[in-house]
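Hello,

Here is the structure I promised to pass on to you. Please open it beside this email, and then read on for what turned up in it.

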Amino acid sequence: MEFFYTITIGATIGTFAMIMAYLYLYVMFRELSMGLWVASWSALFLRIILFDSGMFAWINSLWGFSIFSILLLSSCILFLWAAYRFAAKPVNHRWIIGGICAFLLSITLNYLDFPLAYKLTPLAWFCSFVLIWAGVSFIKYFKGEFLSNRILGSLYIIWGLHTFDMPFLIDIPQFAPWGYMIEGLLRFGVALASMMFYLEQTRINLAQKESQYRLLAENAVDVIYLYKVQPQAKVEYISPAVTAITGYRPQDFYNDASLLSAIIHPNDIPQFDNFMQNSRPSSTLPLMLRIIRRDQTVRWVEQNAVHHFDQLGNLVSIEGIIRDVTARKNLEQSVSRLDRMNIIGKMAANVAHEIRNPLTTVRGYLQMMANKKDFDSYKDRFELMIDELDRTNLIIREYLSLAKDKLVELQKKDLNTIINSLLPLLEADAIASSSRIKREFGDIPLLYLDENEIRQLLLNLVRNGLEAMPQGGDLHISTYHIDNEVVLAIRDQGGGIPAHILDNLGTPFQTTKENGTGLGLPVCYRIASRHNATIAVDTNKSGTTFFVRFNI
């Protein structure tokens, strides 16, 4: 009875502790390797309860010994499978072949009625090698990463060495109880060390994952943020990409949670407030609005957000991604502007000639009648009608300039020479508006240009600049060469372009002038397009600069 209690207290409790430890890990993490270890220790536990405890007489029974051996072999094979699964490696089939050979040899020795020590030796040594291999693997493959792996590996090695000599000590009464007790303590230690190892590995893996995710977030081009609404409004996290988009550092947002809403363009605040108040948006489209950077320039951003609520349905936090879509918005505006100009150009090409012919006839008759003495008293009226016809003809000519398929004659020209040839006319316009023309020409290469169109582009941009300075001022015309581009820059000292005009700059019929047609800038954009050039604008309260960039 004392022997039975020793086995029960030592081996059974230790094995049961291992089952509970791995069962807990399986329930927590749902990994197959943990489930296989539970099955392995359960087979061992069943063997101890049914056979090692003496409940069944199995030593001299072929069937009893066979079942005992099957449970022992099953426990080892399941243990091996779990270990390989845990290491994410395929099972080495030589272990399985070796286990089957050890099982057949033990059955054969039992059939030949060998002593118990000899019958147990093949399977016991196979289990010993498995345990020693597991211990070495835990120490070798996780070297330097954990402390618990060395403890667990050492316990497996000691358990393997202890199992190696068990067949020779099991028949010695004074050693057997202590052997079972030591084995039980080893199993209990393995259970604790296994839990320590797995939890330590999980903690380090989570830390590595967090480091990887943080690295991705902090190197992402888009801004990733987490904004807490309750219990106190604050920015929980915002990625460093926010500096490139807004000009503010992440620390600025941590210090002042209201900065997120303070940088929104005044015209887009109602849209943002609606987004915040309707915390369950029905639309799946991202929120698109403008922000004002720290340097007071405007950027378009697109936001995708996820709202989190508590059990009462109150908004707790918002996490999302903010993307700078200024380039895309500018491209959309350019495409829209070109589409409108194409429509107007097609319309102009279809009707302009039909309109200009009768206008030419009417103008000729008016000139002829104005020269007759009978109509001297109406001469002022004739001149007014001719001026209006000329104005109408000018508008038609501007329409024709918008035509997409207008024929251009590109020749190698010097841009500086074209500007100089037009300078007297420009200076006359400047004097009439109490302004001055200042020029600064750089050393630039020849470009393929249509001189007439470039003259028209220059006239339109200069006159726009002069009209932006009703009280007079300096208008600067400069050219320079940078990288693979030649740049024509025209800068005025006016009050800048309003935001609502700037967003649709170059769109036909948009003008701030009382008598303007809204076709001057669209003509410039069309001319630039035909020259494979681009137009950029820089505007503020101290003036506006138009940059025409020609590719070399």
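Let's start with a pair of residues in the strands: Ile 292 stands opposite Val 298 in β4. Before going further, please note that this is a predicted model, where local features need pLDDT of at least 70, side-chain atom pairs count only at pLDDT 80 or more, and totals for chains, interfaces and linings use all residues. Residues are numbered from 1 along each chain as its sequence is written, and side-chain values use heavy atoms, with hydrogens and water left out.

**The strands**

Helices (H or I, at least four residues) and strands (E, at least two) are DSSP runs, numbered from the N terminus. Two strands pair if DSSP finds at least two bridges between them. Strand β4 covers residues 298–309 and is joined to β3 by six bridges, the two running antiparallel. Both belong to an open sheet of five strands, in the order β2-β1-β5-β4-β3, with antiparallel pairing. At its edges stand β2 (234–238) and β3 (287–292); each has a single partner strand, so one side of each is left without a neighbour in the sheet. From one strand to the next, the twist averages 30°.

Further along, β11 (residues 533–540) and β12 (residues 543–551) run antiparallel and are joined by eight bridges. They form a hairpin with two residues between them. Across it, Asp 538 has Thr 545 in β12 as its bridge partner.

Now look at α17 (residues 520–530). Buried means under 20% relative accessible area, exposed over 50%, and partly exposed in between (1.4 Å probe, protein chains only). Ten of the eleven residues of α17 are buried, so this helix is largely enclosed by the rest of the structure. Among the buried ones are Leu 521, Tyr 525 and Arg 530. Just after α17, Asn 532 takes a positive phi of about 55°.

**Aromatic rings**

Rings of Phe, Tyr and Trp (its six-membered ring) pair if their centres lie within 6.5 Å; planes under 30 degrees apart count as stacked, over 60 as edge-to-face and the rest as tilted. By this rule the count comes to 13 aromatic pairs. In one of them, Trp 41 and Phe 79 have ring centres 5.4 Å apart and planes at 50°, so the pair is tilted. This pair links distant parts of the chain, 38 residues apart: Trp 41 is in helix α2 (residues 32–52) and Phe 79 in helix α3 (residues 62–86). Trp 41 and Phe 79 are both buried.

Tyr 156 and Trp 159 make a stacked pair, with 6.3 Å from centre to centre and 10° between the planes. They are three residues apart in helix α6 (residues 148–169), and about one helical turn separates them. Tyr 156 and Trp 159 are both buried as well. Ring pairs link Trp 37, Trp 41, Phe 79, Tyr 156 and Trp 159 into a cluster.

**One more buried ring residue**

Which helix holds Phe 138? Its place is in α5 (residues 116–141). Phe 138 is buried, with a relative accessible area of 7%. Its C-alpha atom is separated by 7.0 Å from that of Arg 150, which lies twelve residues away along the chain.

Happy exploring!

How values were computed
Axes fitted to C-alpha atoms, helices over the stretch in contact; angles between N-to-C directions.
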